[in-house]
Amino acid sequence: MRKRKLELEYPLTARKPDLLWQLLSTDHGLERWLADRVVEKDGVMSLTWGNPWGEHHTLKARILERQKNSHIRFQWVDEEEDAYWEMRLSQSELTEELCLCVVDYTMAEDLENLHELWDGNMDRLHQSSGF
């Protein structure tokens with residue numbers, strides 16, 4: 001069964017992408033808001049939720065593309081399809097405000113859950129950075 005594409009856009013209070021880019025594209029940045037532990041090695045991010053020495057869940061995502069202050073695209077290592085997940089920065093020409101555009105894929109019955117997951121991720125990003 002093919003996965004469905006989910007596209008989300010979140011307005012941000014940041015005006016310049018440099019600091020925000022660090023939160024989106026580095027293991028230390030992602031660890032502040034996306035997962036409890038993130039380690040990058042050889043173009044693969046290992047994301048762990050929960051206690052790494054106790055009950056936890058770890059997924060590995062290969063970095064497919066990374067363009068500074070623009071976007072980062074990942075694919076889960078165990079993913080069979082051409083699905084990916086991406087975080088892209090865009091800037092409004094009118095307000096000059098930044099937006100984070102997220103693309104992710106999931107089964108049709110899980111679209112709402114995935115949307116809620118990204119909403120929660122964005123809440124944590126805002127709480128940890130003020131963006």
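Me: Why does Asn 69 count as partly exposed?

Reply: This is a predicted model. In it, Asn 69 has a relative accessibility of 24%. Buried means under 20% and exposed means over 50%, with partly exposed in between. The value of 24% lies in between, so Asn 69 counts as partly exposed.

Me: Why is Asp 42 called exposed?

Reply: Its relative accessibility is 73%. Exposed means over 50%, and Asp 42 at 73% is therefore exposed.

Me: Where do Asp 42 and Asn 69 lie?

Reply: Asp 42 is in the loop between β2 (37-41) and β3 (44-50). Asn 69 is in the loop between β4 (56-67) and β5 (71-76).

Me: What is the phi of Asp 42, and what is that of Asn 69?

Reply: Asp 42 has a positive phi of about 55 degrees, although it is not a glycine. For Asn 69, also a residue other than glycine, phi is positive and near 60 degrees.

Me: What is the volume of the largest pocket, and which residues are the closest to its centre?

Reply: The volume is about 250 Å³. The pocket is lined by 13 residues, and the closest to its centre are Trp 49, Trp 76, Asp 104, Leu 117 and Asn 121. Two or more lining residues come from each of β7 (98-106) and α3 (111-129). The largest share, five residues, comes from α3.

Conventions:
Residues numbered from 1 in each chain as written. Predicted model: local features only at pLDDT ≥ 70, side-chain atom pairs only at ≥ 80, totals over all residues. Heavy atoms only, no water. Helix = DSSP H or I, 4+ residues; strand = E, 2+ residues; numbered from the N terminus. Buried < 20%, exposed > 50% of the residue type's maximum accessible area, 1.4 Å probe, protein only. 1 Å grid on protein atoms, 1.4 Å probe; cavity = no way out; pocket = protein on both sides within 12 Å on 5 of 7 lines; lining within 4 Å. Points joined across faces, edges and corners; volume = space filled by probe spheres on them.
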